[in-house]
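Dear colleague,

My notes on it follow directly after.

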Amino acid sequence: MATFGTTTAAATNQNPNKSIEVTHPPADSVSSLSFSPKANFLVATSWDNQVRCWEITKNGTTVGSVPKASISHEQPVLCSAWKDDGTTVFSGGCDKQVKMWPLLSGGQPVTVAMHDAPIKDIAWIPEMNLLATGSWDKTLRYWDTRQSNPVHTQQLPDRCYALTVLHPLMVVGTADRNLIIFNLQNPQTEFKRIVSPLKYQTRCVAAFPDKQGFLVGSIEGRVGVHHLDDAQSSKNFTFKCHRDGNEIYSVNSINFHPVQHTFATAGSDGAFNFWDKDSKQRLKAMSRCSQPIPCGAFNNDGSIFAYAVSYDWSKGAENHNPQTAKSYIYLHLPQEAEVKAKPRSNNTGRR
């Protein structure tokens with residue numbers, strides 16, 4: 001474990017929304033952002049094999065960032081999650097393992113989960129005191145972090161691309177547009193399996209705060225709103241986003257606001273937007289950054305939205321310029337009008 005901090009080149013039009021820049025960002029593309037559920041500690045994982053933590057200081061509208069510590073994996077890190085008590089960070093990635101980092105106590109990271117292929121997404125489930133890990137080895141595994149073997153291994157129909165947990169609901173998105181829904185009161189049996197309402201590859205999923213359904217985002221600039229109860233299927237819809245004329249971009253992350261229960265999407269077009277699914281309205285469209293936004297995260301009270309700006313290889317190697325492809329992490333302070341739910345209208349059309 002080490003502190004970190006190196007100077008980086010100044011941004012060139014990377015920050016059209018005048019967000020607060022986090023100091024000493026990763027040296028390569030950012031793969032995930034996670035805020036502590038208890039305090040303003042922000043963790044970022046990166047393709048530079050590092051997991052970094054900053055303390056975000058907030059005094060009114062004055063916000064700063066202080067690098068706290070970092071750890072290394074042997075290969076690029078793809079995902080992160082906090083323990084519910086805010087003491088510990090989990091990180092997983094291309095070295096096929098999850099490390100548990102007792103960050104607040106200053107302890108050393110230890111390996112607590114293993115797969116046969118890279119680990120794409122993870123979630124801590126406090127109600128079960130278990131860690132869930134989804135991998136490209138086509139399995140979902142549950143781990144008691146005190147044991148070296150998984151408590152249960154669940155076969156998936158294909159590679160795991162994304163998962164979301166809000167006990168007792170878990171949704172796993174895999175290759176070939178499968179969406180597998182689990183009731184974690186019976187975690188060893190699939191509750192339901194559906195084909196994504198979107199016609200293209202799943203990129204991200206997010207459980208509704210009321211656990212009655214979930215959102216799914218695809219590489220084709222579209223989000224699906226899906227309710228679990230078939231009796232509510234008339235409320236299901238999809239909408240287009242992260243598009244610019246004929247240019248269509250991936251929806252890379254979906255995050256619900258912890259208080260308002262509206263949500264943010266971020267995409268490879270370099271934009272993030274705030275939405276209200278119940279009134280079917282976009283609450284705020286932010287200006288596009290000059291690089292993609294691979295991930296975003298709200299802090300525990302929704303007063304800060306963190307987002308990364310870095311190349312995500314969505315346009316291949318030929319569009320990668322090492323001179324301009326710097327990585328940034330920004331903090332946006334949402335205004336109430338940007339995230340507060342709107343009264344429902346009678347309009348049932350798509351927007």
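Two strands are said to pair if DSSP finds at least two bridges between them. Strand E4 (residues 50-59) and E5 are joined by 10 bridges, and they run in the antiparallel sense. In this pairing, Arg52 lies opposite Ser70 in E5. Please bear in mind that the model is predicted.

The two strands belong to an open sheet of four strands, whose order is E2-E3-E4-E5 and whose pairing is antiparallel. The edges are taken by strand E2 (30-35) and strand E5 (62-72); each has a single partner strand, so one side of each is left without a neighbour in the sheet. On average, and with direction ignored, neighbouring strands of this sheet are turned by 20° against each other.

I also looked at Ala285, which is found in strand E27 (residues 281-285). Leaving aside residues up to four places away in sequence, Ala285 touches Phe272 and Asn273. His242 is 43 residues apart from Ala285 along the chain, and the C-alpha atoms of the two are separated by 10.0 Å.

As to confidence, the mean pLDDT of the protein is 93, and 95% of its residues reach 70 or more. Over residues 4-12, however, pLDDT stays under 50; for this stretch the model has 19 contacts beyond four places in sequence.

With kind regards

Key: Residues are numbered from 1 along each chain as its sequence is written. This is a predicted model: local features need pLDDT of at least 70, side-chain atom pairs count only at pLDDT 80 or more; totals for chains, interfaces and linings use all residues. Side-chain values use heavy atoms; hydrogens and water are left out. Axes are lines fitted to C-alpha atoms, for helices over the stretch in contact, and angles run from 0 to 180 degrees between N-to-C directions. Contact means heavy atoms within 4.5 Å. pLDDT is the predictor's confidence in each residue, from 0 to 100.
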